[in-house]
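These are my notes from one sitting with a single chain. I wrote down what I looked up, in the order I looked.

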Amino acid sequence: MVRGETTDVAFYTNSVHISADAPVNLVERIRLQSMYHSLIESGAIIHAFVGEERPDAQSIAALITDVFHRTQAAQVTVSPEFTYCNSCQFIDRGIKSTCGKCGSDNVVGETRVVGYFSKIQNWNKSKRFGELPARQRGNYAVTAGDDAVVAEPAVPHPAAT
Ligand SMILES: [Zn+2]
């Protein structure tokens, strides 16, 4: 699907991902996107972009338990973002315009794209100025179970039967 507010920064969503800024909670995002995972023979992955947040272990455990029991997701990542300082080599959580240690503006953001972390400055214009801001408007909060559960039990994955 082609996304982006202008044709200048239009981008395709990866795989069968719904828009990064779609107004759905994380478990619903995973449930919707994973409906097609059994059809993707080359592998599929869903990211929970958490920015500079550091979800606690219980929240991550609750998320993974929900995902395992209620979706058909093949892979899920909990993906933070970082800022690397070229001046003092400090690595900070979140994407920032200056270093949190020395104040330098000689910094680069790093986040995951597809399955690996990469420097945002190397991304093409559409991903950098189209997809990334949409991610930051998205609801990727990793919260423990109660309010996140929206789906009935998923249809068993064909490979699991
Ligand atoms: Zn620094």
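Predicted model: local features only at pLDDT ≥ 70, side-chain atom pairs only at ≥ 80, totals over all residues.

**Entry 1**

I began with N106, which is exposed, with 12 other C-beta atoms within 10 Å. N106 sits in the loop between β6 and β7. Helices (H or I, at least four residues) and strands (E, at least two) are DSSP runs, numbered from the N terminus. I then listed the contacts of N106, leaving aside neighbours within four places in sequence, and found C85, N86 and S87. Contact here requires C-beta atoms, placed from the backbone, within 7 Å.

Residues are numbered from 1 along each chain as its sequence is written. The pLDDT, the predictor's confidence in each residue from 0 to 100, averages 81 over the chain, and 81% of the residues score at least 70. For residues 145-161 I found pLDDT under 50, and the model has 24 contacts beyond four places in sequence for that stretch.

**Entry 1: Overall layout**

I counted three helices and eight strands. From the N terminus on, I read the order as β-β-α-β-α-β-β-β-β-β-α. Of the 161 residues, 22% count as buried. Among contacts between residues at least 6 apart in sequence, 61% join residues at least 24 apart.

**Entry 2: The antiparallel sheet**

I traced an open sheet of four strands in the order β6-β5-β7-β8, with antiparallel pairing. Because β6 and β8 (116-119) stand at the edges with a single partner strand each, one side of each is left without a neighbour in the sheet. Neighbouring strands of this sheet are turned by 30° against each other on average, direction ignored. Those angles come from axes that are lines fitted to C-alpha atoms (for helices, over the stretch in contact), and they run from 0 to 180 degrees between N-to-C directions.

Pairing of two strands needs at least two bridges found by DSSP. Between β5 and β7 I found four bridges in the antiparallel sense, and Y84 has V108 in β7 as its bridge partner. Four bridges also join β7 (residues 107-113) to β8. Across that pair, R112 stands opposite F117, and E110 stands opposite K119.

I checked two backbone angles here. V114 takes a positive phi near 55° in the hairpin of β7 and β8, which has two residues between the strands. Q89, in the loop between β5 (82-85) and β6 (91-93), has a positive phi of about 65° although it is not a glycine. Most residues other than glycine have a negative phi. Q89 is exposed, with 10 other C-beta atoms within 10 Å.

**Entry 3: The parallel pair and the core**

β3 and β4 pair in the parallel sense over five bridges. F49 has S79 in β4 as its bridge partner. The chain crosses from β3 through α2 to β4, and I noted this β-α-β crossover as right-handed, which means that, with the strands pointing away from the viewer, the path from the first strand over the helix to the second runs clockwise.

I looked at α1 next: seven of its nine residues are buried, so it is largely enclosed by the rest of the structure. Its buried residues include R29, R31 and Q33. They pack against β3, α2 and β4 (76-80).

The largest nonpolar core has 11 residues: L26, V27, I30, I46, A48, V50, A62, L63, V67, A73 and V76. Two or more of these come from each of α1 (26-34), β3 (46-51) and α2 (57-70). A nonpolar core is a set of buried Ala, Val, Leu, Ile, Met, Phe, Trp, Tyr and Cys residues joined through C-beta atoms within 7 Å.

Terms used
Buried ≥ 20, exposed ≤ 12 C-beta atoms within 10 Å, placed from the backbone. Contact = placed C-beta atoms within 7 Å.
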